Amino acid sequence: MKKGCKYGTHRVIEPQGVLPQPALKISNDMEIYDNEILIDVIALNIDSASFTQIKEEQGGDIEKIKKRILEIVNERGKMQNPVTGSGGMLIGIVEKIGDALVGKTDLKVGDKIATLVSLSLTPLRIDEIIDIKPDIDRVEIKGKAILFESGIYAKLPDDMDETLALAALDVAGAPAQTAKLVKPGQSVLILGAAGKSGMLCCYEAMKRVGPTGRVIGLVKTEKDKQKLEDLGLCHKVIVADAQKPVEVLNKTLEANDGKEVDISINCVNVPNTEMSSILPVKDEGIVYFFSMATSFTKAALGAEGVGKDVTMIIGNGYTKGHAEITLQELRENEKLRKVFESMYAK
């Protein structure tokens, strides 16, 4: 077997000298290097910002969505939306392990895993798209993928449906980062609180703020507000347009006794929500952008423009123990698990 770089740079075709994620094109030749793992892919979970963009671009037409996904993968060798720059994750079965990794990984041929690295850097070949489930951003395929030596993964748990586990693991970085950031007694605003990552962040934030803190969920519709209230995932829920920062600010202040919040967590899947995340946060507070629709330029210049001295954190899809934290949330909260099962275990 050929020797490869730990980070997969040997797969980069264009431009040379960069890592696989920012590369425009990588090799999806499925002859593995000595430090790679070959995966027989079952399904892709496209990240929400990416799938939403493709769905809107193609007018919701499933056949056109299929065609666009195939175009992207054939052009880039990976599933990386050229508009959002983001990918998603996959589930599959370990088919082959490179010689250099034998005995150095806890995986064995036949294990079913979810990759916890982005599809935006994962060599992928799609032989056939079997089905698309647009309501859960899931693409069932026949194909192959490569996991690099540095790639992280989770073996799928035995105590829950694989589609349920995949849905949660797809956004595992968000609730795990929430667990690190939120402290007792703080006030927390979560934008996109009724979505997949938003609900998990709400639950984790409620655990962390304790009896003296406050979690405020921002949603788009009254229906979503009712869902969160029924689940008990927030202290207060506000209905507002996340693309209208002044509206978000005013409703947040009203829900928080006229005070700005300590932390905001952005889990939306549409662009132009940077200032709605920044404005309601007090000076020296924290703004966590988990959304892949976030513009660093808009966030940085926007905060400067309104004189906000806040710490802004870019959503890192990886945090130590993030898979375990997220799956444990579904085990702990029966109501939340049932909602996830009804929405994603299909």
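Reader: How much area do domain 1 and domain 2 bury between them?

Author: The model is a predicted one. Its domain assignment gives domain 1 as 9-156 and domain 2 as 172-344. Of the area lost between domain 1 and domain 2, 63% is on carbon and sulfur atoms. The buried total is about 770 Å².

Reader: How many salt bridges are counted between domain 1 and domain 2?

Author: The contact takes eleven residues from domain 1 and nine residues from domain 2. A salt bridge needs a side-chain nitrogen of Lys or Arg within 4 Å of a carboxyl oxygen of Asp or Glu. Between domain 1 and domain 2 the count is zero.

Reader: How far apart are the C-alpha centres of domain 1 and domain 2?

Author: The domains in question are 9-156 for domain 1 and 172-344 for domain 2. Their C-alpha centres are separated by 28 Å.

Reader: Are α10 and α11 roughly parallel or roughly perpendicular to each other?

Author: Helix α10 spans residues 322-332 and helix α11 spans residues 334-344, with axes 5 Å apart. The packing angle is about 105°, and angles of 65 to 115 degrees count as roughly perpendicular. The relation of α10 to α11 is therefore roughly perpendicular.

Reader: How many charged residues are in the contact of α10 with α11?

Author: From α10 come Leu 330, Arg 331 and Glu 332, which meet Glu 334, Leu 336, Arg 337 and Phe 340 in α11. By class, this contact has three nonpolar residues and no polar ones, and the charged residues number four.

Reader: How many nonpolar residues are in the contact of α3 with α11?

Author: Helix α3 (residues 162-169) crosses α11 at roughly 105°, and the axes come within 9 Å. That angle makes α3 roughly perpendicular to α11. Thr 163, Leu 164, Ala 167 and Ala 168 of α3 meet Arg 337, Phe 340, Glu 341 and Tyr 344 of α11. One residue of this contact is polar and two are charged, while the nonpolar residues number five.

Reader: What is the phi of Asp 137?

Author: Most residues other than glycine have a negative phi. Asp 137 is in the loop between β6 (124-133) and β7 (138-147). Although Asp 137 is not a glycine, its phi is positive, at about 60°.

Methods. Residues numbered from 1 in each chain as written. Predicted model: local features only at pLDDT ≥ 70, side-chain atom pairs only at ≥ 80, totals over all residues. Heavy atoms only, no water. Axes fitted to C-alpha atoms, helices over the stretch in contact; angles between N-to-C directions. Helix = DSSP H or I, 4+ residues; strand = E, 2+ residues; numbered from the N terminus. Parallel < 35°, antiparallel > 145°, perpendicular 65-115°, else oblique. Contact = heavy atoms within 4.5 Å. Nonpolar A, V, L, I, M, F, W, Y, C, P; charged D, E, K, R; others polar. Domains from an automatic or database assignment. Buried area = accessible area lost by both parts, 1.4 Å probe.
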